Amino acid sequence: MKAANSNNICPICEKNPTMPKFHPFCSARCADVDLGRWLKGNYTIPGEKADVPEPDPDDIY
Ligand SMILES: [Zn+2]
């Protein structure tokens, strides 16, 4: 126990306290890092073959 605001620490850098303006991050940079991670994770959905198109039966001939 060292700080009363221990649960208000930025989850990205885990060093600086959060700022209301960038909640729940400490800065725009950390908010940007989190957004980048979120977007990257959104491109690939584990367990789903979203990029494999279903073959069209009419394309056989
Ligand atoms: Zn931060």
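## Exercises around Cys26 and Cys10

Setting aside residues within four places of it in sequence, Cys26 is in contact with Cys10, Cys13, Asn16, Pro17, Thr18 and Met19; contact here requires C-beta atoms, placed from the backbone, within 7 Å. The model is predicted, so to speak of local features a pLDDT of at least 70 is needed and side-chain atom pairs count only at pLDDT 80 or more, while totals for chains, interfaces and linings use all residues. Numbering runs from 1 along each chain as its sequence is written.

**Exercise 1. Find how many helices and strands the protein chain has, and where Cys26 falls.**

Step 1. The protein chain has one helix and zero strands. Both are DSSP runs numbered from the N terminus: helices are H or I with at least four residues, and strands are E with at least two.

Step 2. The helix is α1, spanning 28-43, and Cys10 sits in the segment before it. Cys26 is also placed in the segment before α1.

**Exercise 2. Decide whether Cys26 and Cys10 are buried or exposed.**

Step 1. Start with the cut-offs: a residue is buried when 20 or more other C-beta atoms lie within 10 Å of its own, exposed when there are 12 or fewer, and partly exposed in between, with C-beta atoms placed from the backbone.

Step 2. Cys26 is buried because it has 22 C-beta neighbours inside 10 Å.

Step 3. Cys10 is buried because 22 C-beta neighbours lie inside 10 Å.

Step 4. For the chain as a whole, 7% of the 61 residues count as buried.

**Exercise 3. Work out which residues Cys10 touches beyond four places in sequence.**

Step 1. The contacts of Cys10 are Lys15, Asn16, Thr18, Phe25, Cys26 and Cys30.

Step 2. Now look at the backbone at Pro24. The peptide bond from His23 to Pro24 is cis, with omega near 5 degrees.

**Exercise 4. Describe how Asn8 is placed relative to Cys26.**

Step 1. Asn8 and Cys26 are 18 residues apart in sequence, and their C-alpha atoms are 9.2 Å apart. For Ile9, 17 residues from Cys26 along the chain, the C-alpha separation is 7.6 Å.

Step 2. Asn8 touches Pro17 and Thr18, again leaving out residues up to four places away.

Step 3. Asn8 counts as partly exposed because it has 15 C-beta neighbours inside 10 Å.

**Exercise 5. Say what stands out in the phi of Glu14, and whether Glu14 is buried or exposed.**

Step 1. Glu14 has a positive phi of about 55 degrees although it is not a glycine.

Step 2. Glu14 is exposed because 9 other C-beta atoms lie within 10 Å.

Notes
Two residues are in contact if their C-beta atoms, placed from the backbone, lie within 7 Å.
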